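Reader: I would like to go through this model with you term by term, asking in each case what the label rests on.

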Amino acid sequence: MVIGIVVYSETGHTWSVATRLRDRLVAAGHSVALERLETVGPLKKSAKSAELRSRPDLGAYSALILGAPVWGGLPAPPMVSFL
């Protein structure tokens, strides 16, 4: 099973959680790819969406895990744009 982990992290905390998750999944015998969503420019806290530098190709994964911080009860705008 190839697992893709797609993450947006502004401060690095969500990224650190994703790397620990990846390490545990690899230790359990899975093949894991960690993908980071990056924005074209800085985000305003009032943003509803964000322009992404690139979009990961999800075709190679048999399972997908998404990670992002929550802003005002919703996923962060980069994850919303990705979805």
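Reader: Why is His 30 called partly exposed?

Author: In this predicted model, His 30 has a relative accessible area of 29%, and because buried means under 20% and exposed means over 50%, the value falls in between and His 30 is called partly exposed. The residue is found in the loop between α1 and β2, where His 30 touches Met 1, Ile 3 and Leu 25, leaving out residues up to four places away in sequence. Arg 53, in contrast, is 23 residues from His 30 along the chain, and the C-alpha atoms of the two are separated by 28 Å.

Reader: What makes Ala 68 partly exposed rather than buried?

Author: The relative accessible area of Ala 68 is 27%, and since buried would require a value under 20% and exposed one over 50%, Ala 68 counts as partly exposed. Ala 68 lies in the loop between β3 and β4 (70–71), and its contacts, with neighbours within four places in sequence set aside, are Tyr 8, Thr 14, Ala 76 and Met 79. Glu 10 is 58 residues away from Ala 68 in sequence, with 8.8 Å from C-alpha to C-alpha.

Reader: How do you know whether Leu 83 is buried or exposed?

Author: The relative accessible area of Leu 83 is 67%, and because exposed means over 50%, Leu 83 is exposed. Leu 83 is found in the segment after α2, and its C-alpha atom is separated by 9.7 Å from that of Leu 66, which is 17 residues apart from it along the chain.

Reader: What makes β1 and β2 a pair?

Author: Strand β1 (residues 2–7) is joined to β2 by 6 bridges, and because two strands pair if there are at least two bridges between them, β1 and β2 count as paired, and they run parallel. In one of these bridges, Val 2 has Ser 31 in β2 as its partner.

Reader: What is the order of the strands in the sheet, and which strands are at its edges?

Author: The sheet is open and has 3 strands in the order β2-β1-β3, with parallel pairing. The edge strands are β2 (31–36) and β3 (63–67), each of which pairs on one side only. On average, neighbouring strands of this sheet are turned by 20° against each other, with direction ignored. As for cover, 5 of the 6 residues of β1 are buried, and β1 is described as mostly covered. Helix α1 (residues 13–27) lies across β1, β2 and β3, and runs at about 170° to β2.

Reader: What lines the largest pocket, and how do its residues divide into nonpolar, polar and charged?

Author: About 160 Å³ of space lies in the largest pocket, and its lining consists of Lys 45, Ser 46, Ala 47, Lys 48, Trp 71, Leu 74, Pro 75, Ala 76, Pro 77 and Val 80. The elements that give two or more residues to this lining are β5 (74–75) and α2 (77–82). The lining residues divide into 7 nonpolar, 1 polar and 2 charged; because Lys counts as charged, and Ala, Val, Leu, Trp and Pro count as nonpolar, Lys 45 and Lys 48 in the lining are charged.

Conventions
Residues are numbered from 1 along each chain as its sequence is written. This is a predicted model: local features need pLDDT of at least 70, side-chain atom pairs count only at pLDDT 80 or more; totals for chains, interfaces and linings use all residues. Side-chain values use heavy atoms; hydrogens and water are left out. Helices (H or I, at least four residues) and strands (E, at least two) are DSSP runs, numbered from the N terminus. Axes are lines fitted to C-alpha atoms, for helices over the stretch in contact, and angles run from 0 to 180 degrees between N-to-C directions. Contact means heavy atoms within 4.5 Å. On a 1 Å grid over the protein atoms alone, a cavity is a set of points where a 1.4 Å probe fits but cannot get out, and a pocket is an open set with protein on both sides within 12 Å along at least five of seven lines; lining residues have an atom within 4 Å of a point. Grid points are joined across faces, edges and corners, and a volume is the space filled by probe spheres set on the points. Buried means under 20% relative accessible area, exposed over 50%, partly exposed in between (1.4 Å probe, protein chains only).
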